[in-house]
Amino acid sequence: MKLIILAAPGAGKGTQAEMLSKHFEIPTISTGAILRKNMEDGTELGAVAKNYINEGKFVPDELIIDIVKNRLNEDDCKNGFILDGFPRNLAQAEALDKSGIDIDAVLTLEVKDDEIVERLSGRLECKKCGSSFHKEHRKPEIDGICDNCGGELRVREDDKPEVIRDRLKTYYEQTEPLKEYYKNKGMLKVAVGKSEIKATTQEVLKVLEA
Ligand code: ADP
Ligand code: ZN
């Protein structure tokens, strides 16, 4: 299964990508996580990315396209992958088309705007492994500690209210039109997000099998 997940920030695409990754035993390639890892490690890429990310803007296409192409050519992606956070605009979608990497389906997660803001503003991220939690909806077993790796949880820099607004704006201007793009190619599968993570995964699996 070679899958793209396309959804607004905070719609739960990272979480669903994680679930699908376990279900299908294929890796998730999250461009946001790759960039944050680089920021954390203090690489050159991280230093460039930081300026864009913390303002709710996209990182330049050339950078992202290269990262994704290289990553998808690695061995573990041979039997499938889940792309979380790429493509995010038309130029990226066209670059992916041209790369010759075949995609089976594009899954969208539909979640209402006010729900999105509520989710983003309570989100916590593991400093070490990048897993995400929520203050209300997905509490870690121990306060402030990651269930998966024991790492420390923090609020993402770009989950501050001012930045959330800009990220949503960027999403609606640049990413949302991709639904039409993939719909025209007959690749779009639409899942309606539920309030429970597991219920959403069930819905997603149903939509993917249909
Ligand atoms: P979200 O989708 O919740 O905003 P991500 O972790 O997917 O979070 O992305 C965080 C940030 O990383 C984005 O706001 C953007 O600045 C940058 N980013 C991630 N993927 C891309 C991409 N494909 N193109 C450009 N920028 C990206
Ligand atoms: Zn962790």
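**Zinc site and sheet**

Me: Is Cys146 buried or exposed?
Reply: Cys146 is buried, at a relative accessible area of 4%. Buried means under 20%, exposed over 50% and partly exposed in between (1.4 Å probe, protein chains only). The model is predicted: local features need pLDDT of at least 70, side-chain atom pairs count only at pLDDT 80 or more, and totals for chains, interfaces and linings use all residues. Residues are numbered from 1 along each chain as its sequence is written, chains are lettered from A and ligands numbered from 1 in the order written, and side-chain values use heavy atoms, without hydrogens and water.

Me: And Cys129? What is its relative accessible area?
Reply: Cys129 has 40% and is partly exposed.

Me: Which residues coordinate the zinc ion (ligand 2)?
Reply: The SG atoms of Cys126, Cys129, Cys146 and Cys149 do, at 2.3 to 2.4 Å. Donors are N, O and S atoms within 2.8 Å of the metal (3.2 Å for Na, K and Ca); water is not among the atoms, so sites may look incomplete.

Me: How are those donors spaced in sequence?
Reply: The spacing is C-x2-C-x16-C-x2-C. Cys129 sits in the loop between β5 (123-126) and β6 (132-134), and Cys146 in the loop between β6 and β7 (153-154), so the pair ties together parts 17 residues apart in sequence. Strands are DSSP runs (E, at least two residues), numbered from the N terminus.

Me: Why is the arrangement tetrahedral?
Reply: Because the four donor atoms subtend angles of 100 to 115°; the term requires all angles between 85 and 135 degrees.

Me: New topic: what is the strand order in the open sheet?
Reply: The five strands run β2-β3-β1-β4-β8, with parallel pairing. Pairing requires at least two DSSP bridges between two strands.

Conventions. Helix = DSSP H or I, 4+ residues; strand = E, 2+ residues; numbered from the N terminus. Tetrahedral: all angles 85-135°; square planar, octahedral: opposite > 155°, others 65-115°.
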